[in-house]
Amino acid sequence: MNKFWAQLSEHRRRTSATTIVELFRDAPDRFQSFSAECDGMLLDFSKTSLDETALDLLVELAEQADLPSKIAEMFRGEAINVTEQRPALHTALRAQSGAAVMVQGQDVMPEVLHTLQRMEGFAGALRSGDHKSATGAPFTDVVNIGIGGSDLGPVMATRALTPYHDGPRCHFVSNVDGADVTDTLKGLDPQTTLIIIASKSFNTIETMTNANTAIAWLRTALGDQASEHLAAVSSALQKTAGFGIPPERVFGFADWVGGRYSIWGPVGLPLLIAVGRENFRAMLSGAAAMDQHFQTADLRQNLPVLLGLVGVWHSTICGYASRAILPYDQRLARLPAYLQQLDMESNGKSVTLEGEKVTRASGPIVWGEAGTNGQHAFYQLLHQGTHVVPAEFLVAASGHEMELSHHHDLLKANCLAQSEALMTGRSVQQARELAQSRGYSGDDLDRMAAHLTFPGNRPSTTLAYPRLTPFALGQLIALYEHRVFTEGTLWGINSFDQWGVELGKELAVALLPLIQGATDPTKDGSTLGLIAKLTPPKPKH
Ligand code: F6P
């Protein structure tokens, strides 16, 4: 493997002076060779510095890393999450073929499908009004209380599928900041609001705190009947019982579904309530189609693999520290936040599966914003800053607002203009001509030309799809999940654990008494100074 890493670095060193524009000049059909499509989802990675040799080497690297067998192991339910000794089988939640998926000698599919049917039954009854609130009225609103994987997926997907909403309104509370639960419950009627407590562990302090506050809110209106307005989603079923939630409104999932990979099962309940069974199943089908593609397509035509190889090229070989997720799709506005968890919690690691130190750059910093809004915020840096940030564009051929197709034309034009501008830039000569046409001369012209010059040669990829349907959303999320797995496999890390989030949680629990008045002189001076500053003055009597 080391041989291929070295060859890639050497190839990069030799070819880094060649621009992407030159690559297109040398191979006008570059778009055909550096793009791939699956079920209408197109990945264009021709606007990157990858050439045939680099792609060959990356594919060899993937083969050396046994990527095809690792993919098979994941789908077979092997315990690839070695530090937690369990499989990573989120793919089972969207498998609808009926084929067996074995975990420790047992087919898990009957249980998965049974839970899906129970979710559908509950969501259907809520949507039709058959399942009534304690007051006998239909539920009008659903509040999902969860954080991280128990929030980001449902929030992102529920927003993405707004055109398909025809159920009760869905709201989300995640932050332990009391402002979140207060602002969300304000204006809602406890008599017609259902609270879903979503937590894989049923132990997360933010979620438990918010849940208790919401239950108290229900109790003031409903008294003992408050529990009729509760449902729970968790893998810790014994803990949900402690909240007095009856088993028929508790939806469980196995511990082999990672939090950030859990949108496909009970964690997706708010989405299912919002869009209904058919749309939810269409999203599962989109993901299952991507699963099939990931398992069977040749590595050179395999969308998640290719996106992963481009990611490794940018992160490890080119040394670009971050990647920008830029959906030209307003309803994907929460995709960057969702991918931050999916990608950074999975691949933000510096230890290999064998417990050794990672010697190359692994997962990059992921950030982004919907286009065109981002253009008016941070694109200045993308075009002319000193950091090169690979940009990942997403765009649909059509929006849902057919009567506003001129908006969509503008959206697409902006998206394509950005990737073109990043690639081509504007040369000093072109900048001088522009400055001249604007009346500059002499020293002023030189100065102005410097400001008007764009270096160009900045890489981007584009995912293009017909429309943001439930099927396309499923494809997209699964594509990113498998991209993360591909990259993790090449870096030799476990993409399914998250030990890095534990220390801060432990320290927060230890710090709470100090915030509430206890003392601990062994704490560092900064922490003690900040505690003093954050202690409100005692009220004067
Ligand atoms: O913050 C880390 C984390 O464990 C995530 O991995 C997870 O998605 C989130 O907390 C929420 O966990 P839970 O669903 O158990 O409340």
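How many cavities of 30 Å³ or more does a search of the whole structure find? The search finds one. The legends below treat this cavity, the ligand site and the domains of a predicted model.

**View 1. The largest cavity and its lining.** Rolling a probe the size of a water molecule over the atoms shows where empty space is left. The largest cavity holds about 50 Å³ of space. Its lining includes Val310, Gly311, His314 and Ser315. Tyr320, Ser322 and Arg323 also line the largest cavity. Pro364, Pro390, Glu392 and Arg483 are lining residues too.

**View 2. The ligand in the largest pocket.** The ligand sits in the largest pocket. Around the ligand are 14 residues. The closest are Ser150, Ser199, Ser201, Thr204 and Glu345. By class, the shell has nine polar, three charged and two nonpolar residues.

**View 3. Polar side chains at the ligand oxygens.** Thr204 places a side-chain N or O atom 2.5 Å from an oxygen atom of the ligand. For Ser199, a polar side-chain atom is 2.6 Å from a ligand oxygen atom. For Gln341, the distance from a polar side-chain atom to an oxygen atom of the ligand is 3.1 Å. On its own, the ligand has 390 Å² of accessible area, and the protein covers 85% of that.

**View 4. Domains 2 and 3 within the assignment.** The domain assignment gives domain 1 as 2-64 + 297-420 + 466-495. Domain 2 spans 91-278, and domain 3 spans 425-457. Domain 4 covers 503-534. Taken over C-alpha atoms, the centres of domain 2 and domain 3 are 57 Å apart.

Methods: Residues are numbered from 1 along each chain as its sequence is written. This is a predicted model: local features need pLDDT of at least 70, side-chain atom pairs count only at pLDDT 80 or more; totals for chains, interfaces and linings use all residues. Side-chain values use heavy atoms; hydrogens and water are left out. A residue is near a molecule or strand if one of its heavy atoms lies within 4 Å of it. A polar contact is a pair of N or O atoms within 3.5 Å; within protein, one must be able to donate a hydrogen and the other to accept it, and residues adjacent in sequence count only if both atoms are side-chain atoms. Accessible areas come from the Shrake-Rupley method with a 1.4 Å probe; for residues, only the protein chains shown count as cover. On a 1 Å grid over the protein atoms alone, a cavity is a set of points where a 1.4 Å probe fits but cannot get out, and a pocket is an open set with protein on both sides within 12 Å along at least five of seven lines; lining residues have an atom within 4 Å of a point. A molecule sits in a cavity or pocket if more than half of its atoms lie within 2 Å of its grid points. Ala, Val, Leu, Ile, Met, Phe, Trp, Tyr, Cys and Pro count as nonpolar, Asp, Glu, Lys and Arg as charged, and the others, Gly among them, as polar. Domain bounds come from an automatic or database domain assignment. Grid points are joined across faces, edges and corners, and a volume is the space filled by probe spheres set on the points.
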